[in-house]
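Biologist: I have a few quick questions about this model. Can you walk me through them?
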Protein chains: 2
Amino acid sequence: MTLQEAALSTADTPAPGTDRQAVVDLLGVLAYGELTAFDRLAEDARLAPTLTGRAALAGMAAAEIGHYRRLRDRLTELGADAEAAMAPFVPVFDTFHARTKPQTWLEGLVKAYVGDGIAADFYREVAQLLDPPTRDLVLDVLADGGHADFAVREVRAAVAADPAVSGRLSLWARRLVGEALSQAQRVAAERDALAMLIVGGTGDLSALAALLKRITSAHTARMQTIGLSG
Amino acid sequence: MTLQEAALSTADTPAPGTDRQAVVDLLGVLAYGELTAFDRLAEDARLAPTLTGRAALAGMAAAEIGHYRRLRDRLTELGADAEAAMAPFVPVFDTFHARTKPQTWLEGLVKAYVGDGIAADFYREVAQLLDPPTRDLVLDVLADGGHADFAVREVRAAVAADPAVSGRLSLWARRLVGEALSQAQRVAAERDALAMLIVGGTGDLSALAALLKRITSAHTARMQTIGLSG
């Protein structure tokens, strides 16, 4: 069975072999991503200018923990150890966050918006390559819980009040994308099974290029929505 | 109508006048307490020795946000502004947390355990003085979501592995209680309506002394449970 056939099968558990490792990798990277998203949002909440804003960001952080638990439970169902599944991705996320620590409330919001948007697009594409129960879980976890609306409202208001903010935040968003890409390449180089799932699942390298193009276009559209330049 | 009669009435909304202010104060102090508990747990989660421990503390933090939302919604129902209701209590909590910043994972757990325990006992007593819907909300929010069990398990294991840990953590717990009392006195001095609700509701100063004695005894029992000396 090829990776693609395995992915399209309707079995409740992924096929054995490299395929299962790829699924465990994917759930592991998602789970640790949620844990660090919690951390990041909880920390950035302290930059909020009002208690209402602080509670809003804390609420987003809390939602990530709900997602984390579902991913961890799925790993356990698959017979994998959640801690072991996440461990390979700790350095990648920690490096990314250490290099992109927001200095202001608006930088924090842009990071949440840009980061969650790209991550969600990417995982949504990859989810199509998974067994149906895991796919449905991933899609469900990625459904936006209103984070984007809140960030868009706050950032657009700040840009309207001071147009100079737009240039600074656009630059910040480009830096975030650059760092994210460099960490994603590191994951692809280190996690063979996961890289194979994606390349194998999409079909070939040109299909992979098309996927990256879709993600880039969606990012550009999001930047326009929030009032920044891509 | 006395404060006590107002508190015992079955009306869905608290009586007007000082009583309403006391209820808004109480919900405000609880709500801001939940927001800072979120912050504290989220920050202490980073001290966890394992990803599982980190996720456990992050999960407790997430639960506090659920509580916060319910208290905020009740304030809104009562026609109060949540942000304004919380504002008077910001310095008290922030001072408390700044003076009791855990340096280790175990200190963080003891703080969560001791602080949540005393706060819950206190609010549970005061809840009896409130109108039924607010009382039920407060009691529901205070129901322990397994935080205590987790802290007890971890701290007892650490004490068993190294008995010297017990003395250090007992001292830490005493410092926490001392700081909490000093901040509570500050609130009582600054918030007349709230102080009146408690003194008026309990009946007189000797009843208030009895309430404090019950809270102290419960704290001592909790310390024994976790393997520390009170």
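Biologist: Where does Thr134(B) sit in chain B?
Modeller: This is a predicted model, to start with. Thr134(B) lies in helix α7 of chain B, which covers residues 132-142.

Biologist: Is Thr134(B) buried or exposed?
Modeller: Thr134(B) is buried, because its relative accessibility is 0% and the cut-off for buried is under 20%.

Biologist: And which residues is Thr134(B) in contact with, leaving aside neighbours within four places in sequence?
Modeller: Val23(B), Leu27(B) and Arg74(B).

Biologist: Which side chain makes a polar contact with the side chain of Thr134(B)?
Modeller: That of Arg74(B), at 3.1 Å.

Biologist: New topic, the two chains. What rotation superposes chain A on chain B?
Modeller: A rotation of 180 degrees, with 0.0 Å of shift along its axis. The RMSD is 0.0 Å. The two copies are therefore related as by a two-fold rotation axis.

Biologist: Which C-alpha of chain A is nearest the axis?
Modeller: The C-alpha of Ala62(A), 2.1 Å from the axis.

Biologist: Do the copies meet through the same surface or different ones?
Modeller: The same surface, because 100% of the interface residues of chain A are also interface residues in chain B.

Biologist: What area is buried between chain A and chain B?
Modeller: About 2,000 Å². Carbon and sulfur atoms give 56% of that area.

Biologist: Now the charges. How many salt bridges are there across the interface of chain A and chain B?
Modeller: The rule finds 6 salt bridges there. One salt bridge joins the side chains of Asp39(B) and Arg54(A), at 3.2 Å from N to O.

Biologist: And how many residue pairs are in polar contact between chain A and chain B?
Modeller: 10 residue pairs, with both residues at pLDDT 80 or more.

Note on methods:
Residues numbered from 1 in each chain as written. Chains lettered and ligands numbered in written order. Predicted model: local features only at pLDDT ≥ 70, side-chain atom pairs only at ≥ 80, totals over all residues. Heavy atoms only, no water. Least-squares fit on C-alpha atoms with pLDDT ≥ 70 in both. Contact = heavy atoms within 4.5 Å. Helix = DSSP H or I, 4+ residues; strand = E, 2+ residues; numbered from the N terminus. Buried < 20%, exposed > 50% of the residue type's maximum accessible area, 1.4 Å probe, protein only. Polar contact = N/O pair within 3.5 Å; in protein donor to acceptor, adjacent residues only side chain to side chain. Buried area = accessible area lost by both parts, 1.4 Å probe. Salt bridge = Lys/Arg side-chain N within 4 Å of Asp/Glu carboxyl O.
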